[in-house]
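Reader: Let us go through this one by question and answer. Please show the sequence and structure before we start.

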Amino acid sequence: MVTLPHPTWALGVELLVAAAASASLLAVLDHAARRGTSQHARPILVVALVVFAAGITTTGLSATAGSTDGMGFYAASSLLGLTWGVYGTWVFLTQAGTDQINAAANVQDQPGTVPTA
């Protein structure tokens with residue numbers, strides 16, 4: 001665990017594993033969220049994912065080499081991850097299901113269509 005006292009290189013290895021695992025998980029979740037749609041990943045989210053994983057990886061590489069100078073990258077990546085999570089939650093809470101509602105409203109607004117229950 002990261003909170004247990006241990007050598008700096010061990011912290012580096014843990015951070016490298018965490019960076020790889022989080023990047024993989026976030027990529028899989030993003031792909032699953034877009035499944036069945038023609039939407040591509042938003043470029044800003046791709047950049048955020050790359051910067052997030054790169055910051056943790058940089059910290060891990062620095063710690064593996066025995067230095068704690070890269071911990072600022074970890075702090076910045078943590079803030080980016082927090083911001084990204086809040087943004088994702090906001091989008092989910094404000095836009096969940098609106099595509100289906102808007103599509104149903106557009107069908108009902110067209111002449112000659114019968115509203116469905």
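Author: Begin with the surface of this predicted model. The accessible surface of the chain comes to about 8,400 Å². Carbon and sulfur atoms hold 70% of that area.

Reader: What share of the 117 residues of the chain counts as buried?

Author: The cut-off for buried is under 20% relative accessible area. Applied to the 117 residues of the chain, it gives a buried share of 16%.

Reader: How many helices and strands does the chain have, and in what order do the elements run?

Author: The count is 4 helices and 0 strands. Read from the N terminus, the order is α-α-α-α.

Reader: What part of the contacts with a separation of 6 or more comes from residues 24 or more positions apart?

Author: Take the contacts in the chain with a separation of 6 or more. Residues 24 or more positions apart account for a share of 62%.

Reader: Which residues form the largest nonpolar core, and which element gives the largest share?

Author: The core has 5 residues: Leu11, Leu15, Ala19, Phe52 and Ile56. Two elements, α1 (8–34) and α2 (43–64), each give two or more residues to this core. The largest share is 3 residues, and it comes from α1.

Reader: How does the reach of α1 compare with the expected value?

Author: α1 has 27 residues. At 1.5 Å a residue, 39 Å is expected. From first C-alpha to last, α1 reaches 39 Å.

Reader: Which residues of α1 are buried, and what covers them?

Author: In α1, the buried residues are Ala10, Leu11, Gly12, Leu15, Ala19 and Ser22. Among them, Leu11, Leu15 and Ala19 also belong to the largest nonpolar core. The cover includes α2 and α3.

Reader: Which residues make the nonpolar surface patch of about 300 Å²?

Author: One member lies in helix α1: tryptophan 9. An α-helix has 3.6 residues a turn, so residues three or four places apart point the same way. The patch is made by Trp9, Val13 and Val17.

Reader: What does α2 reach, and which residue with positive phi follows it?

Author: α2 has 22 residues and reaches 31 Å, close to the 32 Å expected. The residue that follows α2 has a phi near 95 degrees, and it is glycine 66.

Reader: What covers the buried residues of α2?

Author: The buried residues of α2 include Ala48, Leu49, Phe52, Ile56 and Thr59. Of these, Phe52 and Ile56 are also in the largest nonpolar core. The cover includes α1 and α3 (71–95).

Reader: Is threonine 59 buried or exposed, and what does it touch?

Author: Threonine 59 lies in helix α2. Its relative accessibility is 1%, so threonine 59 counts as buried. Its C-alpha is 7.0 Å from that of glycine 12, 47 residues apart along the chain. Leaving out residues up to four places away in sequence, threonine 59 touches Leu15, Gly70, Met71, Phe73 and Tyr74.

Reader: Why does valine 51 count as partly exposed, and what does it touch?

Author: Valine 51 is found in helix α2. Valine 51 is partly exposed because its relative accessible area is 45%, between the cut-offs of 20% and 50%. Its C-alpha and that of glycine 81, 30 residues apart along the chain, are separated by 9.6 Å. Not counting residues up to four places away in sequence, valine 51 touches Ser77 and Leu80.

Note on methods. Residues are numbered from 1 along each chain as its sequence is written. This is a predicted model: local features need pLDDT of at least 70, side-chain atom pairs count only at pLDDT 80 or more; totals for chains, interfaces and linings use all residues. Side-chain values use heavy atoms; hydrogens and water are left out. A nonpolar core is a set of buried Ala, Val, Leu, Ile, Met, Phe, Trp, Tyr and Cys residues joined through side-chain atoms within 4.5 Å. Buried means under 20% relative accessible area, exposed over 50%, partly exposed in between (1.4 Å probe, protein chains only). Patches are made of residues with over 30% relative accessible area and no salt bridge: like charges are joined within 9 Å, nonpolar side chains (Val, Leu, Ile, Met, Phe, Trp, Tyr) within 5 Å. Accessible areas come from the Shrake-Rupley method with a 1.4 Å probe; for residues, only the protein chains shown count as cover. A salt bridge is a side-chain nitrogen of Lys or Arg within 4 Å of a carboxyl oxygen of Asp or Glu. The expected span of a helix is 1.5 Å times one less than its number of residues. Contact means heavy atoms within 4.5 Å.
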